Amino acid sequence: MRLKDQSAIVTGAASGFGAAIAERFAAEGARVVVADLNEAQGQAVAQRIGGVFARCDVSRAEDVQALVQTAVQAHGRLDIVVNNAGVTHVNKPHLDVTEDEFDRLYRINVKSLFHMNRAAVPAMRANPGGSSGVFINVASTTGVRPGPGLCWYSGSKGAVITTSKGLALELARENIRVCVVNPMIGETAMLEQFMGMPDTPENRQRFLARIPLGRFTRPADVAGAAVYLASDEAGFLTGVCLDVDGGRNI
């Protein structure tokens with residue numbers, strides 16, 4: 001087991017990539033706090049993996065502080081944080097995105113990292129045995145190579161990537177690593193929002209044509225990458241952005 005007895009938080013873990021990450025972490029021996037706004041689905045995931053559920057709005061500092069406290073109280077330490085919770089605007093021209101949609105993107109996709117950093121770093125510094133920990137931030141291939149119709153979403157994910165690299169530099173001397181996973185468009189509940197059109201075989205093919213390996217990112221793909229980055233096998237990696245994209249960013 002690559003994450004045996006590690007204390008982990010996974011945000012946005014009630015479904016999609018987050019649920020798959022929480023499940024794989026638990027299978028690898030981690031003790032997982034499943035964080036989400038969706039209480040019914042989040043509790044179901046936590047029960048299924050033997051974890052703890054915490055309701056959390058990642059855009060609210062007090063919720064994130066309480067989430068970190070839940071992990072420390074339940075497991076005695078905090079080793080891994082996966083900042084997976086995120087939103088998008090529907091794929092559409094940049095001038096059609098409203099200010100409310102823009103603000104929501106940056107509150108959830110970017111400011112959440114600010115809140116988590118302020119809450120989790122002190123907990124990692126206080127770990128028994130000395131400062132240590134890993135942050136894994138889920139960004140997007142569009143944060144590296146923007147696609148049409150997702151301008152402001154791409155900007156938010158570019159901010160996640162740049163912020164993660166800056167934090168990696170500042171935290172390295174404390175044995176706290178920060179890495180990024182960049183999925184391509186995935187087979188999740190957000191698929192139609194990313195496409196900006198109905199989920200039909202014909203419309204899927206328009207997007208699949210951009211991916212050399214010929215399929216969308218699956219939750220299991222992201223979960224596998226997150227397990228690797230959180231494990232000792234990646235112990236000398238920080239500031240790394242791992243594209244889980246079937247070759248789209250080549």
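User: Which hand does the crossing of helix 1 and helix 2 have?
Analyst: The crossing of helix 1 and helix 2 is right-handed. Keep in mind that this is a predicted model.

User: At what angle do the axes of helix 1 and helix 2 cross?
Analyst: They cross at roughly 20 degrees, and the axes come within 10 Å. Angles under 35 degrees count as roughly parallel, so helix 1 is roughly parallel to helix 2.

User: Which residues meet there, between helix 1 and helix 2?
Analyst: Helix 1 brings Ala19, Ala22, Glu23 and Ala26. Helix 2 answers with Val45, Arg48 and Ile49.

User: How many residues does helix 1 have?
Analyst: Helix 1 has 12, residues 16–27. From first C-alpha to last it reaches 17 Å, close to the 16 Å expected at 1.5 Å a residue.

User: Which residues of helix 1 are buried?
Analyst: The buried ones are Phe17, Gly18, Ala19, Ala20, Ile21, Ala22, Phe25 and Ala26.

User: And what covers the buried residues of helix 1?
Analyst: The cover includes strands and helices. Strand 1 (7–11), strand 2 (31–36), strand 4 (80–83) and strand 6 are among the strands. Helix 2 (39–49) and helix 8 (219–230) are among the helices.

User: Pick Phe25. Is it buried or exposed?
Analyst: Phe25 is buried, at 0% relative accessibility. The cut-off for buried is under 20%.

User: What is Phe25 in contact with, leaving aside its neighbours within four places in sequence?
Analyst: Phe25 is in contact with Leu3, Ala8, Val10, Ala30 and Val32, among others. Further along the chain, its contacts include Ile80, Val82, Ala226, Val227 and Ala230.

User: How far is the C-alpha of Phe25 from that of Ala85?
Analyst: Those two C-alpha atoms are separated by 16 Å. Phe25 and Ala85 are 60 residues apart along the chain.

User: What about just after helix 1? What phi does Gly29 take?
Analyst: Gly29 takes a positive phi of about 100 degrees.

User: Which residue has a positive phi although it is not a glycine?
Analyst: Asp5 is one of them, with a phi of about 65 degrees. Asp5 is in the segment before strand 1. Asp5 is partly exposed, at 43% relative accessibility. Asn175 is another case, also not a glycine, with a positive phi of about 65 degrees.

User: Where is Asn175 found?
Analyst: Asn175 is found in the loop between helix 5 and strand 6. Its relative accessibility is 48%, and Asn175 counts as partly exposed.

User: Helix 5, then. How do the axes of helix 4 and helix 5 cross?
Analyst: The axes come within 8 Å and cross at roughly 15 degrees. Helix 4 and helix 5 are therefore roughly parallel to each other. Helix 4 passes helix 5 in a right-handed crossing.

User: Which residues make the contact between helix 4 and helix 5?
Analyst: From helix 4 they are Phe102, Leu105, Tyr106, Asn109, Val110, Leu113, Asn117 and Val121. From helix 5 they are Trp152, Tyr153, Gly155, Ser156, Lys157, Ala159, Val160, Leu167 and Leu171.

User: Where is the place of Cys151?
Analyst: Cys151 is in helix 5 as well. Cys151 is partly exposed, with a relative accessible area of 38%. Not counting residues up to four places away in sequence, Cys151 touches His89 and His94.

User: New topic. How many salt bridges does the structure hold?
Analyst: The structure holds 11. One of them joins the side chains of Glu174 and Arg125, at 2.6 Å, N to O.

User: Where do Glu174 and Arg125 lie?
Analyst: Glu174 lies in the loop between helix 5 (151–171) and strand 6 (176–183), and Arg125 in helix 4 (residues 99–125). The pair therefore ties together parts that are 49 residues apart in sequence. Glu174 is partly exposed at 22%, and Arg125 is partly exposed at 45%.

User: Which residues do salt bridges that share partners join into one network?
Analyst: That network joins Arg2, Arg24, Glu28 and Glu233.

User: What does Arg77 form a salt bridge with?
Analyst: Arg77 pairs with Asp79, and the closest N and O atoms are 2.8 Å apart. Asp79 is buried, with a relative accessible area of 5%.

Notes:
Residues are numbered from 1 along each chain as its sequence is written. This is a predicted model: local features need pLDDT of at least 70, side-chain atom pairs count only at pLDDT 80 or more; totals for chains, interfaces and linings use all residues. Side-chain values use heavy atoms; hydrogens and water are left out. A salt bridge is a side-chain nitrogen of Lys or Arg within 4 Å of a carboxyl oxygen of Asp or Glu. Buried means under 20% relative accessible area, exposed over 50%, partly exposed in between (1.4 Å probe, protein chains only). Helices (H or I, at least four residues) and strands (E, at least two) are DSSP runs, numbered from the N terminus. The expected span of a helix is 1.5 Å times one less than its number of residues. Contact means heavy atoms within 4.5 Å. Axes are lines fitted to C-alpha atoms, for helices over the stretch in contact, and angles run from 0 to 180 degrees between N-to-C directions. Angles under 35 degrees count as roughly parallel, over 145 as roughly antiparallel, 65 to 115 as roughly perpendicular and the rest as oblique. A crossing is left-handed if the near helix is turned anticlockwise from the far one by less than a right angle, and right-handed if clockwise.
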